Amino acid sequence: MRYSAVLLIPLVWIHIALQDVITGVHGIDLDYVALRWATLGWRVYDVALLAFAFAHGVNGLRNVLHDYVHSPSRQRLVDVVLLFGWASVTAIGAAAIVGGVRMP
Amino acid sequence: MSALKATLEGGLRYRGRQGQIAFILHRISGLGTLLFLAIHILDTATVYFIPRLYEHAIALYRSTPFMLGEIFLVFFVLYHGTNGLRIALFDLLPRLWTEERQRRAFAWVLGISLLLWLPAAYWMGRNLILVNFLGY
């Protein structure tokens, strides 16, 4: 957790600084995303952000849930559901970053 | 469920002071950020899967309640990271992990989180007022 966490601090905080503070939500639209993803570097950055942040978060959720669910069989169920949820969302996100923006 | 009951009942009675506050804030900020992140990943993925939905999503996020929520989300993310760093650092050097040092370290965590958050909150708040209320 802490290794992904230490990596995440620059990854996430820079992402927030760039998109929330400097650009601002009013500056975000399809063209903005397309422009950013025209550079391979930003796509790589976003894939890393996606992979580490979501895995870190879901593992955290797993820890929290295990604090409340104690029987080994229930814990295994929790783990399977979380794994499925993690894999689905990560796959969808990665597909979108690799696929890129499509104009409507 | 008994663990949940124990948490809710005992949580108010246990006088853990800074340590307890640090812990519960870390959990809440983590879970809150995760919930946001799951939705964020899916809504951003619409640029590829259903592009017209992305424009709807952005329009929603430009509304005042969402922009306000985002300002507070940023605080939670900053706190979670800073407190996490405290945990990782002290875990690396466990002989430093004394009660007195932890209380002071937590004060630093709060201070640093606030220090990093205020400029962001200022710019985001300024943006909110200028665009949503003054029409720039």
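User: In this predicted model, why are helix 4 of chain B and helix 5 of chain B called roughly antiparallel?

Analyst: The two pack at an angle of about 160 degrees, with their axes 9 Å apart. Angles over 145 count as roughly antiparallel, so helix 4 of chain B and helix 5 of chain B get that label. Helix 4 of chain B also passes helix 5 of chain B in a right-handed crossing.

User: Which residues of helix 4 of chain B and helix 5 of chain B meet?

Analyst: On the helix 4 side they include B:Ile71, B:Val74, B:Phe75 and B:Leu78, and on the helix 5 side B:Ile112, B:Leu116, B:Trp117 and B:Ala120 are among them. By class, this contact has 16 nonpolar, six polar and two charged residues.

User: What makes A:Leu50 stand out in the largest nonpolar core?

Analyst: That core has 28 residues, and A:Leu50, A:Ala53 and A:Phe54 touch the most other members. Helix 4 of chain B gives the most, with six residues. Beyond its neighbours within four places in sequence, A:Leu50 is in contact with A:Thr90, A:Gly93, A:Ala94, A:Ile97 and B:Ile41.

User: How many residues of each chain are in the contact between chain A and chain B, and which helix of chain B gives the most?

Analyst: Chain B puts in 36 residues and chain A 37. On the chain B side, helix 2 gives the most, with 14 residues. By class, that side has 25 nonpolar, six polar and five charged residues.

Methods: Residues numbered from 1 in each chain as written. Chains lettered and ligands numbered in written order. Predicted model: local features only at pLDDT ≥ 70, side-chain atom pairs only at ≥ 80, totals over all residues. Core = buried A, V, L, I, M, F, W, Y, C linked by C-beta atoms within 7 Å. Buried ≥ 20, exposed ≤ 12 C-beta atoms within 10 Å, placed from the backbone. Helix = DSSP H or I, 4+ residues; strand = E, 2+ residues; numbered from the N terminus. Contact = placed C-beta atoms within 7 Å. Axes fitted to C-alpha atoms, helices over the stretch in contact; angles between N-to-C directions. Parallel < 35°, antiparallel > 145°, perpendicular 65-115°, else oblique. Left-handed = near helix turned anticlockwise from the far one by under 90°. Nonpolar A, V, L, I, M, F, W, Y, C, P; charged D, E, K, R; others polar.
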